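We will go stop by stop, with something to select at each one.

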Amino acid sequence: MMQRKRKPKRAQPSLKAIWRTNIDDHPIGLAWSPDGNTLAVAGLSGPITLFNGADGALQQRLPGHAVDTMAISWHKDSRLLASVGQDGKVRVWDAETGTQRSEMAGGASWVERVAFSPVDGWLVSAAGRKLRLWNSSGALVREYPDANSTITDIKWRHDGKQFAISAYNGVVLYDPNEAEPLRRFEWQGSTLTLEWSPDGKYIATGDQDSTVHFWITATGKDLQMWGYETKVLELAWSFNNRYLATGGGTQIVIWDCSGKRFGKHSADDVRRPSAPHQASQVSATWHVAGVGRQ
Amino acid sequence: MMNTVETRVPVTVLTGFLGSGKTTLLNRILTENHGKKIAVIENEFGEVGIDNDLVIGAEEEIFEMNNGCICCTVRGDLIRILGHLMKRRDKFDYIMVETTGMADPGPVAQTFYVDDDMQQKLHLDAIVTLVDAKHIWEHIDDSDEAKEQVAFADVILLNKIDLVSPENLEKLEARIKSMNSMAKIYRSRDAVVEMDKILNVGGFNLERALDIDPKFMEPEFPFEWSGIYPLNSGSFEWVMGEGPDPAMGAALLPLANTGLAAQEATLMDAVLTFSADEQAVRAEETMRPGKGQYNQLVLNENCETVFNFTIQQPGYYMLFTEHHPDEFDARLCGAESVLEPLETREYKPDHEHDEEVTSVGITLPGELQLEKLNDWLSQLLREQGQDIFRMKGVLSVRGWDERYVFQGVHMLFDGRPNRPWGNELRQNKMIFIGRNLDRAALENGFRQCLAS
């Protein structure tokens, strides 16, 4: 324990539950509609439940996927909800009526990722190495050449002009209007999840080898943060682009990305584990700017 | 202290070439009444489909980590699928992972040690390898995958034994033991085996590392078979059919009498003869009997080949062949009939292939010095970790009252103190299974770690 000069005031709980409910299943996907009115919860066994955001009242129960729903994503107008599952399908639901609008083939038996553009009607799905772009009425706009390995994540840039996918070997950037990728950020390692900074300058990835990787999207320059206890699956940017919160173990590490020095660190600045298999003995506290909610 | 209750789900990895009976075994496991709810991850498609909602198909996907270390090579597909499966934890209490016939078991095993989620929620119980007793001979010499699957196994099931002769089965078992002396070997037809032979085996369990019994290998010989024939003077024919090789080495040596001492003397002559310059002998040509006469019998294609030889001095002779005569339907014919050997002997093959997979077991009384042991093992794993598939050991370390038990897969190493020695004789047992293992160097290195 660190020595403190003053005893801090006892923290008051500042968050109160507005409502609680349960879906009688393991939740696997949780998504707020863009208008903030509806919370969609996907259960592992398939059904998707829509709750009124204000009071938790049940709005709709969508059947989802017969064999395990894997992911959900809202359309920008908050009316359509896309879901993917282990039945090999991409489904688009009308949140108001509770009916299925379209059903598309994801390209493999497990469709694991789906993402509506935050700006347009584009919908991107990933099933294994298959990447498909749809319009909001469920028509296939484009099938991309297979990715090098299973696609682990899809994220749109906040202006909807680009989207990025991650897979083993790094990140690939796409413009939804172009068939060819805009850029590849290659990395010999397994990238598990990615997150754009709100201004689109950075892409952060969480990796299987217990690292966090940053890419500066304009230049392709990258830097890597070592020393996590476990693989990193949790990433969250603050709205002002300044902080990136990361999981990867029992500590939350928050990176301050505002300083002039950011992006100029050499790998030597980063504390490395003493041996690749003793990562659990190393705490990832280097360069921590703060912990908690910003 | 460390005997916490195991809440992790056990996983059995099932390997074996296509056609070895994996699907038959899986179907048996899924339908037999053994009181377990088993989830199955199937990597191999085709054969017979399995109808069960806890069966999930997977496509092998290997992740190498950026540091290029082989021990960080894991199976991404398993991490994803097992991770997802564990969310349905209440639906099953055991997991079987079937690999494709061409899979390397290394990354599969490592997945359970390298990935954090896997390590927390699952534990690798054992690698079970099915071997098609009839067709394995087509792969065992040339296929790295077949060798690795045998080498990594905790349990080996020799399946389809109804299709092979008892002698061939003995030969196969001997060959497999030379590659992996740690595994339990069972024989089966139609993959019928008691479930407790393949489930909860504890192959990676340190507590059970104590069970190891390093077997010293018999000396190796450059031939696989010998037969003793009493021969009168006259002409003989050695007839061979087609076999796995286009040629075979052979030597025919006089034997003083059928006593053991005489046989040993002739055996030594044979070893010397097999290291002499070979002389090619083709169809209808004459094989030369005698010491130093190393005949390389060149076979015809598509038909039998007859080699002649003449015996001047009647008496006992010992015929040594590089391969088992049965592999070539080979026989010795006198003037009138086929001659049966009085006595035969089989030898462990001395395979000179570079990629040979063997087991090296070492037993050494005394106490080891910890620093020396650490230095030796780190250097060994650094230099040969890629070629060491599995290792296990129980060690006596100076200054420690407890046994130190360990096990490893490639460069991943898991060890800890176990129960105290008490009055038992303190000794060290270690077993390595791998490729290109140098027994003498390993023994010597290990001996150097003894506390002086």
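**Before you start**

This is a predicted model: local features need pLDDT of at least 70, side-chain atom pairs count only at pLDDT 80 or more, and totals for chains, interfaces and linings use all residues. Residues are numbered from 1 along each chain as its sequence is written, while chains are lettered from A and ligands numbered from 1 in the order in which they are written.

**Stop 1: colour by confidence**

Colour by pLDDT, the predictor's confidence in each residue, from 0 to 100. Chain A has a mean of 84, and 83% of its residues score at least 70. For chain B the mean is 86, with 90% of residues at 70 or more. The complex gets an ipTM of 0.77 and a pTM of 0.71 from the predictor.

Now select residues 263–294 of chain A. Here pLDDT stays under 50. The model has 52 contacts beyond four places in sequence for this stretch. Two residues are in contact if their C-beta atoms, placed from the backbone, lie within 7 Å.

**Stop 2**

Strands (E, at least two residues) and helices (H or I, at least four) are DSSP runs, numbered from the N terminus. Strands pair if DSSP finds at least two bridges between them.

Select E1 to E4 of chain A. The four strands form an open sheet in the order E1-E2-E3-E4, with antiparallel pairing. Which strands are at the edges? They are E1 (27–32) and E4 (58–62), each pairing on one side only. From one strand to the next, the twist averages 15 degrees. Zoom in on E3 (residues 48–52): four bridges pair E3(A) with E4(A) in the antiparallel sense. Pick A:Leu50, whose bridge partner in E4(A) is A:Gln60.

Next, select E9 to E12 of chain A. This open sheet of four strands runs E9-E10-E11-E12, again with antiparallel pairing. E9 (113–116) and E12 (140–143) each have a single partner strand, so one side of each is left without a neighbour in the sheet. Four bridges join E9(A) to E10 (residues 123–127) of chain A.

**Stop 3: domains and strands of chain B**

Colour chain B by domain: domain 1 is 9–204, domain 2 is 225–346 and domain 3 is 357–447. These bounds come from an automatic or database domain assignment. The centres of domains 1 and 2, taken over C-alpha atoms, are 42 Å apart.

Select E14 (residues 294–298) of chain B. Four bridges join E14(B) to E12 (residues 247–255) of chain B, and the two run antiparallel. Four bridges also join E14(B) to E13 (residues 278–281) of chain B, but this pair runs parallel. Click B:Leu297. This residue is the bridge partner of B:Met248 and of B:Val281.

**Stop 4: where the chains meet**

Show both chains. How many residues does each bring to the contact? Chain B gives 17 and chain A gives 18. The chain B side divides into five nonpolar, four polar and eight charged residues. Ala, Val, Leu, Ile, Met, Phe, Trp, Tyr, Cys and Pro count as nonpolar, Asp, Glu, Lys and Arg as charged, and the others, Gly among them, as polar.

Methods:
Axes fitted to C-alpha atoms, helices over the stretch in contact; angles between N-to-C directions.
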